[in-house]
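Here is a short report for someone meeting this structure for the first time. Keep the 3D view open while reading.

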Amino acid sequence: RHMFSHLIKIAITIGLFALIFRKVDVADITGVLTTANWWLLGPALLLQVLSALVASYRWYLIMHTLKFAGRPYFYLKSYLKGTFFNQALPTSIGGDALRVMEVAPMGGGKREAFYGVFIDRIVGLVGLTLLNLAALLWHPILLEHNAPVHYIILAVALSGVAGIIVLALIGELEWLASNRVTVLLYNLSHRFRAVYRSPRAILQQLSLSLLIHLLSLITVFLIGRGVGLEYDLIVFLVMVPPVFLLTILPISLAGWGVRESGMIGLFLLIGADRVTVLAMSLLYGVVLVLASIPGMYYFLLSRRHTAGETA
């Protein structure tokens, strides 16, 4: 079953790139890359790594709230290993599953670890959604070019905020705890409310989430400027978050193909050059892989340590 799912992802990834390159000449991509400002890629890579570091600290705070043991360094290593699995390894074991398995012995087992990892994802989506919502309201650039798309993205952002509110309120419905299926939502809501237990905790988690995604979006902005997309940062705050949301869908390998299609589709609405946008998206994918390399180091180190214990 896992192999079949993996083959489908490979097929979708190849299919999306085949469609993209029907309208793009490889020589044109090469031309954009050869004239790119490569000096901006260094800072972009550093910002993406910093985003992962901040994200690992946010995850530590969430798991600490849920009574899991472990120091921030443990969660840093585990988060980076998860990032490596998500970005660089075409495996059936995702980075989130790896994190669940690693953190489970530190607290209440795999189910509680799953709740923690899932909440970490949700909190991240909250930050991304709010950032996108603020940018849409501050600079409604899509209204000038394609009003329906603007309102669709706005509706998605508002729906995300509404969904978070609903998740928090589900914990008030005691009858959900009596059903084997709905009890999962009930428990998830209670864990989520524990993370957002006070105004200080809400402010802390939201600030970290906003910072994480802002760093990633500045990364895309720097890469975009490097290849010749002369748009202000606010434009990237409007256009890129919906693409990030699309790549969460597990339908391709590490979001490849989906990210490129989404970037091209949205940036074309404001008159951007297709080839330049594709070059930006491909370079961002490369930056994501490079930023995951520390996770490869920690993964190999843990394997060596495990092998040494069993020898």
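Ala254 is partly exposed, because its relative accessible area is 28%, a value between the cut-offs of 20% and 50%. The model is a predicted one. Ala254 is found in the loop between H11 and H12. Its phi is positive, about 55 degrees, although Ala254 is not a glycine.

Lys67 also has a positive phi, near 70 degrees, and is a residue other than glycine. This residue lies in the loop between H3 and H4. Lys67 is exposed, since its relative accessible area of 70% is over 50%.

**Aromatic rings**

The structure holds 17 aromatic pairs. A pair of aromatic rings is described by the distance of the centres and the angle of the planes. Two pairs are listed here.

| Ring pair | Distance of centres | Angle of planes | Type |
|---|---|---|---|
| Trp59 and Tyr75 | 5.0 Å | 85 degrees | edge-to-face |
| Phe236 and Phe267 | 5.6 Å | 55 degrees | tilted |

Take Trp59 and Tyr75. Trp59 belongs to helix H3 and Tyr75 to helix H4, and the pair links distant parts of the chain, 16 residues apart. The planes of Trp59 and Tyr75 stand at 85 degrees, so the pair is edge-to-face; the cut-off for that type is over 60 degrees. Both residues, Trp59 and Tyr75, are buried.

Now Phe236 and Phe267. Phe236 sits in helix H11 (residues 233–248) and Phe267 in helix H12 (residues 258–268).

**Charges over rings**

The charged end of Arg99 sits over the ring of Trp59, 4.6 Å from its centre. Arg259 lies over the face of Trp256, and here the distance to the ring centre is 4.5 Å.

**Helix H5**

Arg99 brings us to helix H5 (residues 95–103). Which residues of H5 are buried? They are Gly95, Leu98, Arg99, Val100 and Val103.

**Helices H6 and H9**

Two packed helices are described by the angle between their axes and the distance between the axes. Helix H6 (residues 109–138) packs with helix H9 (residues 182–195) at an angle of about 65 degrees. The axes of H6 and H9 are 10 Å apart. The crossing of H6 and H9 is right-handed. On the H6 side, the contact is made by Arg111, Glu112, Tyr115, Phe118, Ile119, Ile122 and Val123. H9 brings Val183, Leu184, Asn187, Leu188, Arg191, Phe192 and Val195. Of the residues in the contact of H6 with H9, 10 are nonpolar, one is polar and three are charged.

**Ile141**

Helix H7 (residues 141–145) contains Ile141. Is Ile141 buried or exposed? Ile141 counts as buried, because its relative accessibility is 9%, and the cut-off is under 20%. Leaving aside neighbours within four places in sequence, Ile141 is in contact with Val235, Val238, Met239 and Ile270. Ile141 and Leu269 are 128 residues apart along the chain, yet their C-alpha atoms are separated by 9.8 Å.

How values were computed: Residues are numbered from 1 along each chain as its sequence is written. This is a predicted model: local features need pLDDT of at least 70, side-chain atom pairs count only at pLDDT 80 or more; totals for chains, interfaces and linings use all residues. Side-chain values use heavy atoms; hydrogens and water are left out. Axes are lines fitted to C-alpha atoms, for helices over the stretch in contact, and angles run from 0 to 180 degrees between N-to-C directions. Helices (H or I, at least four residues) and strands (E, at least two) are DSSP runs, numbered from the N terminus. A crossing is left-handed if the near helix is turned anticlockwise from the far one by less than a right angle, and right-handed if clockwise. Contact means heavy atoms within 4.5 Å. Ala, Val, Leu, Ile, Met, Phe, Trp, Tyr, Cys and Pro count as nonpolar, Asp, Glu, Lys and Arg as charged, and the others, Gly among them, as polar. Buried means under 20% relative accessible area, exposed over 50%, partly exposed in between (1.4 Å probe, protein chains only). Rings of Phe, Tyr and Trp (its six-membered ring) pair if their centres lie within 6.5 Å; planes under 30 degrees apart count as stacked, over 60 as edge-to-face and the rest as tilted. A charge sits over a ring if NZ of Lys or CZ of Arg is within 6 Å of the ring centre and within 35 degrees of the ring normal.
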